[in-house]
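Please work through each task before reading its solution.

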Amino acid sequence: MVKLSIEKNSKKPKYLLLADSITSQIEQKQLVLDERLPSVNKLSAHFNFSRETVFKALNYLSEKGIVRAVDKIGYFVNDLSVETEFKVFFLLDKFTPFKEDLYNSLISSLGENVKVRLYFHHQNIELFASLILDNLKNYTHFVVTTYIEDSKSVQKVLNKIPPEKLIILDKYEPNVNDGCGMVFQDFENDILNLLKENIDLVNKYDRLVLFNRKNAPHGDFVQKGFERFSAQYNFKSEVYYNFSPDYFEKGTLYITIDAYDRDMVEIIKLARKSEWELGIEIGLISYNDTSTKEILAGGISVISTDFKKMGEEAAKMILEGRREHKSNETKLILRNSL
């Protein structure tokens with residue numbers, strides 16, 4: 001039995017007193033990395049605490065990453081940096097330049113006393129579920145992006161996370177338990193409102209075309225906003241799910257959401273071949289800004305959300321303990337192609 005002791009006459013809850021005693025032993029190097037803690041029964045008998053109180057203390061330390069639970073064996077010292085205030089489980093669908101901006105922004109905004117561990121689910125519901133369910137007791141916060149077709153299964157898994165620990169990013173998820181945080185892109189209304197705000201530029205064109213590639217998980221939401229705009233302003237418009245030179249006509253404004261920008265590149269190549277100038281004979285808007293799009297073909301206009309701002313908002317929710325649902329700022333950045 002390690003020499004654990006409890007501060008007497010303290011007004012702290014008993015489980016925090018026990019947690020403080022364990023972290024104190026780690027700081028004093030009386031407990032070392034990977035050392036097994038006394039069993040729940042021994043701790044309960046030693047301090048005359050209920051088993052529930054002991055479990056609460058150990059779960060508290062487990063969430064902060066200070067100890068780890070091994071099923072049917074016990075609890076072990078997992079981290080000697082006991083000053084960590086929060087331990088964050090960060091689950092992304094995939095790693096893109098935009099998600100890298102999100103990750104870096106979250107890390108820098110949280111500061112030094114917060115640890116973040118990054119996972120990927122690759123839009124696989126089985127992997128998504130196992131990563132979350134296997135780690136429910138190991139983190140103080142869960143920051144999650146989804147983009148998985150099986151929405152019912154996604155919601156079922158998300159609702160296993162206590163809502164005060166959950167922050168959902170990028171895609172709005174309905175039917176999750178009240179009390180969680182959410183910072184999302186409002187894809188349908190964003191494209192509708194941004195095209196409205198720039199109607200004078202859009203009116204230069206006789207026809208609108210959206211390429212809705214299925215590799216873009218937000219495509220169906222964008223399509224709804226695109227169709228609403230076209231109907232409200234009586235634009236001739238088409239939606240295509242693959243690219244063909246047959247769709248290429250003078251006087252058309254093209255909007256591309258291909259995750260790999262293949263449609264955007266094909267339009268630029270056809271414009272050069274036809275000797276048509278972007279922003280004059282044809283228009284082009286791409287989704288998600290990159291440094292390449294700033295200079296490509298004199299500058300490609302983009303609809304892009306601020307992923308850095310999204311990371312900052314998630315960090316604020318963690319550090320300030322608040323939870324809200326808010327749409328993230330999205331802009332149409334005007335360049336020569338429009």
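**Exercise 1.** In which loop is the place of glutamine 123? Then determine whether glutamine 123 is buried, exposed or partly exposed.

*Solution.* The model is predicted. Step one: glutamine 123 sits in the loop between β4 (114-120) and α5 (125-133). Step two: its phi is positive, about 60 degrees, although glutamine 123 is not a glycine. Step three: the relative accessibility of glutamine 123 is 34%. Buried requires under 20% and exposed over 50%, so glutamine 123 counts as partly exposed.

**Exercise 2.** Is tyrosine 147 buried or exposed?

*Solution.* Tyrosine 147 belongs to the loop between β5 (141-144) and α6 (151-158), and its phi is likewise positive, near 60 degrees. Its relative accessible area is 7%; the limit for buried is under 20%, therefore tyrosine 147 is buried.

**Exercise 3.** Describe how helix α2 and helix α3 meet.

*Solution.* Begin with the axes: those of α2 (residues 40-47) and α3 (residues 51-63) come within 9 Å and cross at roughly 115 degrees. The crossing is right-handed. Next, list the contact: α2 contributes Val40, Asn41, Leu43 and Ser44, while α3 contributes Arg51, Val54, Phe55 and Leu58. Finally, classify these residues: five are nonpolar, two polar and one charged.

**Exercise 4.** Which element gives the largest share of the largest nonpolar core?

*Solution.* This core has 24 residues, and Phe229 is among those with the most contacts inside it. Elements giving two or more residues include α7 (187-197) and α9 (219-232). The largest share, five residues, comes from α7.

Technical notes: Residues are numbered from 1 along each chain as its sequence is written. This is a predicted model: local features need pLDDT of at least 70, side-chain atom pairs count only at pLDDT 80 or more; totals for chains, interfaces and linings use all residues. Side-chain values use heavy atoms; hydrogens and water are left out. A nonpolar core is a set of buried Ala, Val, Leu, Ile, Met, Phe, Trp, Tyr and Cys residues joined through side-chain atoms within 4.5 Å. Buried means under 20% relative accessible area, exposed over 50%, partly exposed in between (1.4 Å probe, protein chains only). Helices (H or I, at least four residues) and strands (E, at least two) are DSSP runs, numbered from the N terminus. Axes are lines fitted to C-alpha atoms, for helices over the stretch in contact, and angles run from 0 to 180 degrees between N-to-C directions. A crossing is left-handed if the near helix is turned anticlockwise from the far one by less than a right angle, and right-handed if clockwise. Contact means heavy atoms within 4.5 Å. Ala, Val, Leu, Ile, Met, Phe, Trp, Tyr, Cys and Pro count as nonpolar, Asp, Glu, Lys and Arg as charged, and the others, Gly among them, as polar.
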